[in-house]
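Subject: Structure for you to look at

Hello,

Please find the structure below. The notes after it say what was found.

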Amino acid sequence: MNRRTVGSEQERVAAAFLIEQGYEIRQMNFRCRSGEIDIVASEGRYLVFVEVKYRSSGSAGDPLEAVGKKKQRQISRTASVYLHLHGLSGDTPCRFDVVGITGAGHVRLVRNAFDYC
């Protein structure tokens, strides 16, 4: 299986997990010139931008540690484009979550993983 296929499969796993947690999935794989957001969802009053990280083994490190400052800035810029394209104001309560998945099938969610950059 190639990396894109594995990534898409893990994003579906993450979406199913989020639904179990009470999230409503709005869009998968929002893309624009700024980048991509794996999952856009709603939870309560929040519009949530979710990054999904998968690691097949522990040798590559914790998947939750893979969202550094550069990736956070890219996700933040892309979220701004999403808000603009969907006619949402900057006052819309937003949050950035990260879902980490390991090869053993362990799924972890970090709500409010980082602030807008």
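In these notes, strands (E, at least two residues) and helices (H or I, at least four) are DSSP runs numbered from the N terminus, and two strands pair if DSSP finds at least two bridges between them. The model is predicted: local features need pLDDT of at least 70, side-chain atom pairs count only at pLDDT 80 or more, and totals for chains, interfaces and linings use all residues. Residues are numbered from 1 along each chain as its sequence is written, and side-chain values use heavy atoms, with hydrogens and water left out.

Sheet. Met 28 stands opposite Ile 39 in β2. Seven bridges join β1 to β2 (residues 35-43), in the antiparallel sense. The open sheet has five strands, ordered β1-β2-β3-β4-β5, with mixed pairing. β1 (24-32) and β5 (107-114) are at the edges with a single partner strand each, so one side of each has no neighbour in the sheet.

Helices. Angles run from 0 to 180 degrees between N-to-C directions, with axes fitted to C-alpha atoms, for helices over the stretch in contact; contact means heavy atoms within 4.5 Å. Helix α1 (residues 3-20) lies across β1, β2, β3 (46-55), β4 (94-102) and β5, at about 150° to β1. Helix α2 (residues 69-85) also packs on the sheet, touching β1, β2, β3, β4 and β5, and its direction makes about 105° with that of β1.

Arg 108. This residue is in strand β5. Leaving aside neighbours within four places in sequence, Arg 108 is in contact with Asp 62, Leu 64, Val 98, Val 99 and Gly 100. Leu 64 is 44 residues from Arg 108 in sequence, and their C-alpha atoms are 8.3 Å apart.

Regards
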